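Subject: Structure handover

Hello,

Here is the structure I promised to pass on. Please open it first, then read my notes beside it.

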Amino acid sequence: MGQQDQPVVGVPYYAGQNPYQAGAIPPNAIVGDPKGIPIQQTMYRDTPAPFSCVYCGNSGVTFVRSKPSLAAVVGCMMPLMLGFCFLCPSMDCLWHKYHYCPSCKEKVADFEKSDPCAVMDPPHWTQESFALPA
């Protein structure tokens, strides 16, 4: 192996497909209230996420507000193909999600669905939020 063919030290190398890049949740992930468990990183997605608030210091689960996205509008323009409209509040799976702290009401994160092609990917319409313990 020449110097250019050697793998970079410290960078994980996957011979096959990495399941976490495909949207899989790690087995040690926290999905509900962390209840005092220190959190290393939170992945904010469609559902309420466990977190530690940077504004007030409380830990818990975020509350989520939704707003229509481009993907929802594209989905609504194709009612003959899909048969329902994604602009209805009950069909918010393609909407942007904004996460807020339940204690101080500050916005802590957002999860925006900016890809209009998401309409054609039903398994990824709703993605669960999770946190990785420290």
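Start with isoleucine 25. This residue is partly exposed, with a relative accessible area of 34%. Isoleucine 25 sits in the segment before S1.

The model is predicted, so local features need pLDDT of at least 70 and side-chain atom pairs count only at pLDDT 80 or more, while totals for chains, interfaces and linings use all residues. Residues are numbered from 1 along each chain as its sequence is written, and side-chain values use heavy atoms, with hydrogens and water left out.

**The overall picture**

The protein chain has two helices and seven strands. From the N terminus on, their order is β-β-β-β-α-α-β-β-β. Helices (H or I, at least four residues) and strands (E, at least two) are DSSP runs, numbered from the N terminus. The chain has 134 residues, and 31% of them count as buried. Its accessible surface is about 8600 Å², with 57% belonging to carbon and sulfur atoms. Accessible areas come from the Shrake-Rupley method with a 1.4 Å probe; for residues, only the protein chains shown count as cover.

Now the contacts (heavy atoms within 4.5 Å). Take those in the protein chain with a separation of 6 or more: residues 24 or more positions apart account for 61% of them.

**Strand S5**

Look at S5 next, residues 96-100. Five of its five residues are buried, so the strand is largely enclosed by the rest of the structure. His96, Tyr98 and Tyr100 point one way, and Lys97 and His99 point the other way.

Which strands pair with S5? Strand S4 (residues 63-67) runs antiparallel to S5, joined by five bridges. Strand S6 (residues 107-111) also pairs with S5 in the antiparallel sense, over four bridges. Two strands pair if DSSP finds at least two bridges between them. Phenylalanine 63 has tyrosine 100 in S5 as its bridge partner. Histidine 99 stands opposite alanine 109 in S6.

S5 and S6 form a hairpin, with six residues between them. Lysine 105 lies in this loop. Its phi is positive, about 65 degrees, although the residue is not a glycine. At 52% relative accessibility, lysine 105 counts as exposed.

Is lysine 97 buried or exposed? It is buried, with a relative accessible area of 4%. Leaving out residues up to four places away in sequence, lysine 97 touches Arg45, Asp46, Val64, Arg65, Ser66, Asp92, Asp110 and Phe111.

How many salt bridges does a search of the whole structure find? There are two. A salt bridge is a side-chain nitrogen of Lys or Arg within 4 Å of a carboxyl oxygen of Asp or Glu.

One joins the side chains of aspartate 46 and lysine 97, at 3.4 Å, N to O. Aspartate 46 lies in the loop between strand S1 (39-43) and strand S2 (50-52), and lysine 97 lies in S5, so the pair ties together parts that are 51 residues apart in sequence. Aspartate 46 is buried too, at 8% relative accessibility.

The other salt bridge joins aspartate 110 and lysine 107, at 3.8 Å, N to O. Aspartate 110 counts as partly exposed, at 37% relative accessibility. Lysine 107 also counts as partly exposed, at 37%.

**A patch on the surface**

Finish with the nonpolar patch. Leu70, Val73 and Met77 form it on the surface, with about 290 Å² of accessible area together. Patches are made of residues with over 30% relative accessible area and no salt bridge; like charges are joined within 9 Å, and nonpolar side chains (Val, Leu, Ile, Met, Phe, Trp, Tyr) within 5 Å. Valine 73 is found in helix H1 (residues 70-76). Valine 73 is partly exposed, with a relative accessible area of 34%.

Best wishes

Key
Buried means under 20% relative accessible area, exposed over 50%, partly exposed in between (1.4 Å probe, protein chains only).
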